[in-house]
There are 2 protein chains.
Amino acid sequence: MQNKNYKEDFLLKFGENFGKIRRSKSLSFRSLSQKCDIDYADLNKIERGKRNITLTTIIELARGLDIHARELFDFSFTLKDLEK
Amino acid sequence: MQNKNYKEDFLLKFGENFGKIRRSKSLSFRSLSQKCDIDYADLNKIERGKRNITLTTIIELARGLDIHARELFDFSFTLKDLEK
C-alpha cells in the first residue's frame, strides 16, 4: 500500500467491503435505504469511499444489512509500512 | 437491551470496548494521544461514549493502539429485539 493518504485508502476499502456485503444480500441502494435511516444517494457515496461516516451511521448500515457492525470492517488494511 | 436509543447504546458499548483494549495495552490517554492524531481529552470522551467519531478517527485509534479497526467493534451488540 503506497504511503498515499491512508485515511482516504481506509474510506475506499470500507466502501468496497460495504458494497461486497450489500451485493451478497442482493440489496439495491434503494431497497437498503428503506431498511435504515440512510438516503440511497448517501449509500452510493459511502460505497465509493466519498463519505467519512460516523459511528451512528455505521450502526444504521449494520441494521439495514442485518449484520454486526464488526463485519463492516472485515477487510484487510495494514498500517505496518507507514513510519509511526 | 431496552428499546432505549440504540445509537447512544452503540456509542457507549464502543467506548467501553475501546477502554478495555487501551487498558490491556497499559496505555494512558496521554501516551495514546502521542501515538495518534487524537487529543487525550477527546480520547476520554470517546471512551465515555460521548463522541460520535468518524471512520478517519477510527483508523487513527487503530493506528495508536496498533490493532486492526475491526477489533474496535469486537463487542456484543444485537438489534434483534427492535422492531424493524
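**Salt bridges, a helix pair and the A–B interface**

Over all chains, the count comes to 12 salt bridges, a salt bridge being a side-chain nitrogen of Lys or Arg within 4 Å of a carboxyl oxygen of Asp or Glu. The model is predicted: local features need pLDDT of at least 70, side-chain atom pairs count only at pLDDT 80 or more, and totals for chains, interfaces and linings use all residues. Residues are numbered from 1 along each chain as its sequence is written, chains are lettered from A and ligands numbered from 1 in the order in which they are written, and side-chain values use heavy atoms, with hydrogens and water left out.

Start inside chain B. The side chains of B:Glu47 and B:Arg23 form a salt bridge (3.3 Å, N to O). This pair links distant parts of the chain. B:Glu47 sits in helix α3 and B:Arg23 in helix α1 of chain B, 24 residues apart. Helices here are DSSP runs (H or I, at least four residues), as strands are (E, at least two), numbered from the N terminus.

Now take the two helices as a whole. The axes of α1 (residues 6–24) and α3 (residues 40–47) of chain B come within 7 Å and cross at roughly 125°. Axes are lines fitted to C-alpha atoms, for helices over the stretch in contact, and angles run from 0 to 180 degrees between N-to-C directions. On α1(B), the contact (heavy atoms within 4.5 Å) includes B:Phe14, B:Phe18 and B:Arg23. On α3(B), B:Leu43, B:Ile46 and B:Glu47 take part.

Next, the interface. The contact takes 28 residues from chain B and 28 residues from chain A. About 2,800 Å² is buried between these chains, and carbon and sulfur atoms give 67% of that. Buried area is the accessible area (1.4 Å probe) that two parts lose on being put together, summed over both. In chain B, B:Leu55, B:Ile59 and B:Arg63 lose the most area to chain A, together 23% of what that side buries.

Which charged pair can be picked out across the interface? B:Asp74 and A:Arg70 meet through their side chains in a salt bridge (3.2 Å, N to O). The count between chain B and chain A is 2 salt bridges. On the chain B side, α1 and α4 (55–65) each supply at least two residues. Helix α4(B) gives the most, with 6 residues.
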